Amino acid sequence: MGGSVPAAACCTCGAPLSEMDSEGFCGGCGRRLKRPDSDHIEVELLSDFAGVSDRGLRHNRNEDRFAITQSSDAFAIVVCDGVSMSPDADEAAQAAVQATVETLNEGLAKLEKSTTDLLRAAIRNGSQAVTELGKRKSESPSTTLVAAILRQNRVTVGWIGDSRAYWLNGSGAVQLTRDHSWENSAAAQQAGAEAQRAANSHALMRWVGADAPDFEPEILEKELRPGGLLLLCSDGLWNYAPNSEDMAALIASASKPGATALAVSRELVEFARAKGGHDNITAVVLRHSASEGPANGG
Amino acid sequence: MVDSFKAEVFQNQYLPKGAEEVHAIMTVTAMSSGATQDVRAPLAGGGRLFGIICDISGSMEGEKLVSAKGAMIQLIHLLPEDCAFFVVLGEAEAHTVCPTEVATQEAKVRAITRIRDVKASGATVISKWLMAALDQFRYAPNALRQAVLLTDGQNDKNDVKPLQEALKKCEGVFQCDCRGVGTDWKVDELRRIANTLLGTTDIVMKPEQIKSDFEAILGKAMSKTAGDVMLRLWTPVGADILFCKEVSPQILDLSNRFRQVKPQVREYPTGAWAKNEVRDFHFAIRVKPGDVGDEVLAGRASLVYTVGDTEEKAAEARILAIWTDDEAKSAKIDNVVAHYTGQSELAESIRQGLEARSRGDMEQATALLGKAVQVAHQTGNDATEKLLRNVVEVQDAEAGTVRLKAQVAKEDEMALDTRSTKTTRLPKN
């Protein structure tokens, strides 16, 4: 005791770092000393396959999560954006990503199901995990979910909510998903253009959670001409490039010659932060070489 | 049995530059894993001990004593056989007519016979009754220790100080719901006893209602499975806890009831909990103001309780303060915090309004009770609004425009007073 100096001290109050709690708050003055790891997540599987998720500038924590995986010639991506209006949205996103990617990993290794069936089953398991989470709480944590499998020249995308998938090649960008937003709902179509400009036009119509209207994902399968880039992202990115043309231009400017998928993902996240970073931002990039699948090694 | 708790915090974490007051509501739910409680002998390290403390002073003579006896006898019949009980009958002295015993058939018959023989006489000296109950509860330090106290009159004028001292000794040893029958007792006096002993206070308007009231109290007491649960609150160095209140199901200020565990850690008593019981707590903490962008943990709350012989901690919840220059964020008041701020204001308006009315300040009373009607109406506290309507004529509930009634039944006024601390929860949407 007498006169011993703590090895490291808190920035302002002098309390030892050993008293910091699991979330990084000082045990003396309560100041946040360490941001959680989830503030900025980077995963690089291959030079052509990587993703970045970032808290952005305005939200107090990152409630986006993603996972990427590879099994022989198949590549899979899951992106979830926890609905910030719901409690513990980060837990919802985490649970959904984890259960979905686990099912995909098993399924891709076994090759028993069609890709569509596998993706459907994986998203169902992801939804189930979030529902289970809701049963233990008085309110329902919820999240969006978009998942994609790319095998040879075929991409399969499944989604619930407004996280998006894009396919980009020399001739521009195609948005593969269609947001489950009020704007795109039948009611909005009937209400006409005026209503579509209304403030709530981006309101989520479907999500994953114990209180969700249903769990069936929308599934799309598409043959691809070899050579292009698959992007999955949360609205923290696409809000700053809402149209396919904007997105195509953005990706083109982010794809500097020789840039890895990780570098492109970082550029996209940086772009959203520079625009104000109002929401959490996630961008996952899979480059599909003109020959077959992502080139290894870069 | 209750073997865990979960907590949720409602607050706006964002503060404008220079702000230093952090408000948060913590909703706590007692959870059960489904494990059944060990069957233990009630007096050997666990179980329950329920005390019946009943006024038999001279004023109880007649219908009140007849009804009270009937209610006690029924309550004893209803006691589960794995529970222990005792009966203290009180006047100027306390008579422990049935010392602590397991509620076997034989013990119940013995107790009932003794209660039947009792006659009303003497003064009301509540300190003596509580001390007699305390003696009994000391037999069972590990049991769930709960009691009901029934009286019909004011405490003896010479018993003010002894009552204070007795309460100090009883605090933390047992919980006690207090009931006043008729209208000759004092709300403040009984409420002070019940609040100190973490119980409820209510009026029993007619003697024949004692029976059903006792039944409800016993039902609630027997549903409790975790006792001596403490609310532990950590705050940063230099922070002040402005208040810590239970705000649902009733308002109970715990601010001065803490035990300082460590320099930054206080524990507040919450008594016993039943399975699935839900309570809300309101914390107000003053922290050193930070710079824009700073994030500070203003408080960490958890529940501490004992399972078997080990201390458990559960439901840890964080109360945050983040300073921002974004007014849209800092100006928002969390709707749960707003709701309970309103409920506290409602109770306070009623208390002060009735006080003003009794000292003849009708203008003040009208303003305060009008305000109470408005808040009760706006927050959907129908039970309180109904009680208010017995005391005032409401012209416009939305605006809080009322006129004091010229004739108010004493029991209506007392019912409003005792029940004003009952709150509603915010409806889930």
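**An exposed loop residue and its setting**

A: Glu112(A) counts as exposed because it has 9 C-beta neighbours inside 10 Å; a residue is exposed if 12 or fewer other C-beta atoms, placed from the backbone, lie within 10 Å of its own, buried if there are 20 or more, and partly exposed in between. This is a predicted model, in which local features need pLDDT of at least 70 and side-chain atom pairs count only at pLDDT 80 or more, whereas totals for chains, interfaces and linings use all residues. Residues are numbered from 1 along each chain as its sequence is written, while chains are lettered from A and ligands numbered from 1 in the order in which they are written.

Glu112(A) sits in the loop that joins helix 1 (89-110) to helix 2 (115-135) of chain A, where helices (H or I, at least four residues) and strands (E, at least two) are DSSP runs, numbered from the N terminus. Between the C-alpha atoms of Glu112(A) and Val78(A), which are 34 residues apart along the chain, the separation is 20 Å.

Chain A as a whole has 7 helices and 13 strands, and 47% of its 298 residues are buried. Of the contacts in chain A with a separation of 6 or more, 63% come from residues 24 or more positions apart, a contact being two residues whose C-beta atoms, placed from the backbone, lie within 7 Å. Chain A also touches chain B, with 10 residues from chain A and 10 residues from chain B taking part. The chain A side of that contact has 4 nonpolar, 4 polar and 2 charged residues, with Ala, Val, Leu, Ile, Met, Phe, Trp, Tyr, Cys and Pro counted as nonpolar, Asp, Glu, Lys and Arg as charged, and the others, Gly among them, as polar.

An α-helix has 3.6 residues a turn, so residues three or four places apart point the same way. Just after helix 5 of chain B, Leu198(B) adopts a positive phi of about 50°.
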